[in-house]
Amino acid sequence: MNRLHVQHSPCGHWRAYLLLVWLVLALLAHPLHAQSELDDVGMASFDNADAGSSPMAPEEATRLLAQPLPDAPDARYAVLQRQYRAAALLEDRPRLIVTARQLVDAGRGRPGGESWITTYLGAEFAWGSSGKALEASEAFVTDSSLSLGLRAMVALRQTYFAAQGHDRAILARLWSRAEDLSSEALRQGVASPNLQINQLQVRSEIERWQGNTKASLATLRESIGVARSDIKAVKARNRGPRDPALLDAYGRLDGTMGMLTYALVRDGRPQEAIHVAQANLALWHAGQISDGLGARWNYRLAASLNATQQFAPALAAGQLSDGMLQRAGVNPASHTAWMARQEIVRALIGLRRWPEADVAYRSFLVSMPPDTLARTRASDWRLEALLAAKNGRLDEALELAERSLRYRNRLYGSNHPQTQEAAGIRGFVRLLRGDTRSAMGDYEALFAATLDNPGGWLDLDLRGVRGYVLGIAFDEFLHYVADKALKGEAVDAAMSDRALQLADRSSLSVTQRAITDSTARVLASTPALRALLDLEQTQRQAVFALVATLNTSLGEEDVLRHQAQSAEFKALSEAERKAFAERRQAVRDSIKTQQAGVSAARVVLTSQRETIAKQFPAYADLVTPSTPRPDQLRQLLNPGEALLVLYPTDNATLIWLLGADGRESFSAVALSRADLAQRVTQLRGLLDLGNAPAGQEPTLPSAQMYALYKDLLGPMGVALRDVHSLLVATDGPLASLPWAALVTQPPQPNQPPAWLVRQMAVTQLPASSALLALRRVAQPAAAAKALMGFGDPLFNAQAGITSRVNTGLRPEAARYDAEWGFRYADMPPLPDTRAELLALAAALGANPQSDLLLDSQATRRAVLDANLLDRRVVAFATHGLLPGELPGISKPSLAMAATSDERESPLLELDDVLGLRLNAQWVLLSACNTAAGEQGGAAMSGLVRGFFFAGARSVLATHWAVESESATALTSATFAAHAKGAVSRGESLRLAQLAMLDGTLGGGRWNHPFYWAPYALFGDPVR
């Protein structure tokens, strides 16, 4: 093969450099933190008397803690303050709590003495007994001798403590009181930034309880903005770096940042949470924050890593945190102990290390002292049932599942999603017990809730404990189906169909949160849709409130039922027993009325969702996509087309092939997701000549490519005959496989490989349901103009101005990582993309002057302002950024030209894409990394679906950074062939690839698959 020198793309190198720069900036720019102890609502505890004195040595701290307390009140108070500081220095948590409690009494009536109340409560909750902290708060809130500001602070803290439990009624009552006290303090002018910040933090927790993750996150941003302003104001007083007020202000900011990591995870932005945690851990490694805070940032990092399924590093971070906390003597009933241990359990479950997960969870519960709040928080029947079942305690697991199912049936009725969830978990247990028939009946209830109901996944919100328990229940079903197929046993068609639906919905769930959270611009421009969604959300909250009321009534009825069985009841007079019976009957009647109210409210909710889906089908496809059955998918296929669905699991890969003529095939191969990831990564490495030294390119891996074809498509056999266009729906490692380069016959010496591209055109889909969204509605007439292109953007706006990408947040949001910017100007320019777009314009007959925006004109604002509705091809020739590659980026983005306005983000994000209006047959992403790797495949799924929603029929992207001259030639040939109108998009790409293979394009220089195989067409290849 004749090969030109391959131009190495700069994409792989500048990211590593920028991440290094960012980490250094984060470390150097971050101010020195207090060696103070915080709870998760960000209230600092420091030694008021000694905070400004010289540092204490550990030996002195040890001696001080051994010193007896004097009897004289003033001397006793002074020694206690120093002992508190000593306990904090030595990380002696039990002594810290005891001393703080003593200071509460000793500080009464002294200037600043009230502050020890919040210090004690924070220490008790964080390191001691969370339930005791909740109970102890009440006496202080109701103590009228304390200042209004202090009572308001304690009320807020008490509300935060209660928010970690499960009692909605108690939380509502405490929040109402805390709001009243805080508002009164603000009216009287006795409030401080501390009170304001804590009020916002607790409000964020309330919004979390209400399921409003966006509002919760926005409230925390507001809190961070107030904290930063407070720090600025304190610094202006010039009292030095150890000023207690400054340390306290930094403590509040740090605590809010801790809350922020969890809010980001809940909002589907875990990569941002990872960056927040890593930056703070860099400070801990540098000795700038205490081990207590280091332990907390480790479990926060673990939570963020678990959310991205990075279970091994999450386990390491969680175990490090847990070890540090145990060495410090932290109580198992404390907030921090559970936060660390739950991430260990989640990571072990993710790694499928069932015995270790079981031991970690059960031993933690056994070690916990009596503490209602802590035990309620840590106990979850779903988790207990899961671990019991996976560790062979099947009777215990079944009893837990059946008890919950009975309760939910009684509470909600049999058709409620949460009842169906309980049935599904019982089905999971029954499947492990070998009771297949009963298990399938239970699973069908869960499938009805999640697959047949478009809002089902929204109702059950598959995150947290529910997410990984139901995820494993789904996996167990797929494992059962795969196991039967691997054994050669017949798989019932209904079971195979459900497995296909489940595979489709599971594939979409990888990017669903990012999609759902990126629709703000769409809603802002569609008032009618916004109004319908507001009604739906209001109704959903009304359902939650009705269920909460019903739950309270059922609890009251349970109490009365137990009282009726007691000896005290039997000792009552006949009149008293009659009155009791009447009261109990009244509660039962109320329960029936409330149950009817819940059912009626859910009927209204379902009706509202159906209205949204009917009036705005594209939005419904995007946010609550349906999961079509195989017969629905077959009806969407054209003659000569086939849909191939592949779903890798932990132990096998399930494969379906559907044809327009009714052909259908299902099989499973013994290739796990890990196996495929390894093989695909190896193949990509052997095909990507850009990573090989000049003159040392690897041997063409024809044998490996044939082996993978045989494993994946070989079982289809005759079913693939006469297929000219193959639509491949998959996720994970197979989404990043260059399908056209698979080899369909055993390689022969001195013979060219039998590439799959010679047999058929291949198009990819993020999931099989995407075909339904693309083809069930009529397409508008083709746009009048050929092309609009954006490329060769200028990343350095002008000399002397540093453009920063802070978070991807809009300017009005408080920037929680303002210190973490990197120089956007350091991204390498892409001058070759100019030539590519010029060649594309020539091939399509477009006017380069009016149809191309290059250099400083290729801005995000230019894209948003352009009239793209009249363009058949929209091309972006620039860097592609994947989630997590840079701080603050949790969604796929395209890097556009920088401007001198730092308030204007230079990134075209998924949110922006959803707001575009397109009528494009093609969107070209001529950018490195747009479809690269498994992570890139997931990101590509979200970006592709965004362009589909905006109105594009297909997206052409690359699996690796391509050589510039060949890229220009292939894309020009592809679009030119399609512009003639004789062939489909899929076939036009295939013909251009064959031209390279046969030498008619490039004269034989580009027949290696490195040049033609990376191109992936996503979407509809025809319409």
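Start by selecting Ser667: at 13% relative accessibility it counts as buried, because the cut-off for that label is under 20%. Keep in mind as you click around that this is a predicted model. Ser667 sits in strand β5, which runs over residues 664-669. Now show what surrounds Ser667. Leaving out residues up to four places away in sequence, Ser667 touches Ala485, Thr653, Leu654, Ile655, Pro715 and Met716.

Next stop, helix α9: select residues 193-209. Just after α9, pick Gly211, which takes a positive phi of about 80°.

On to another helix, α28, spanning residues 574-615. Select Val587, which is in α28. Is Val587 buried or exposed? Its relative accessibility is 8%, so Val587 counts as buried. Which residues does Val587 touch, if you skip those up to four places away in sequence? They are Ser553, Glu556, Glu557 and Leu560. Draw a line from Val587 to Glu557: these two are 30 residues apart along the chain, yet their C-alpha atoms are separated by 6.4 Å.

The largest nonpolar core has 211 residues, and the ones with the most contacts inside it are Ile349, Phe477, Phe790, Phe876, Leu918, Val923 and Phe947. Apart from that core lies another, of 70 residues, with Leu657, Leu683, Tyr709 and Val728 among them. Back in the largest core, zoom in on Phe790. Setting aside residues up to four places away in sequence, the contacts of Phe790 include Leu837, Leu853, Ala858, Met896 and Phe876.

Last, look for open space. The second largest pocket holds about 900 Å³. To find the pocket, select Ala618, Phe948, Phe949, Ala950 and Gly951, which lie nearest its centre among the 37 lining residues. Then colour α29 (617-623), α33 (769-775) and α38 (933-950), the elements that each give two or more residues to the lining of this pocket.

Terms used. Residues are numbered from 1 along each chain as its sequence is written. This is a predicted model: local features need pLDDT of at least 70, side-chain atom pairs count only at pLDDT 80 or more; totals for chains, interfaces and linings use all residues. Side-chain values use heavy atoms; hydrogens and water are left out. Helices (H or I, at least four residues) and strands (E, at least two) are DSSP runs, numbered from the N terminus. Buried means under 20% relative accessible area, exposed over 50%, partly exposed in between (1.4 Å probe, protein chains only). Contact means heavy atoms within 4.5 Å. The expected span of a helix is 1.5 Å times one less than its number of residues. A nonpolar core is a set of buried Ala, Val, Leu, Ile, Met, Phe, Trp, Tyr and Cys residues joined through side-chain atoms within 4.5 Å. On a 1 Å grid over the protein atoms alone, a cavity is a set of points where a 1.4 Å probe fits but cannot get out, and a pocket is an open set with protein on both sides within 12 Å along at least five of seven lines; lining residues have an atom within 4 Å of a point. Grid points are joined across faces, edges and corners, and a volume is the space filled by probe spheres set on the points.
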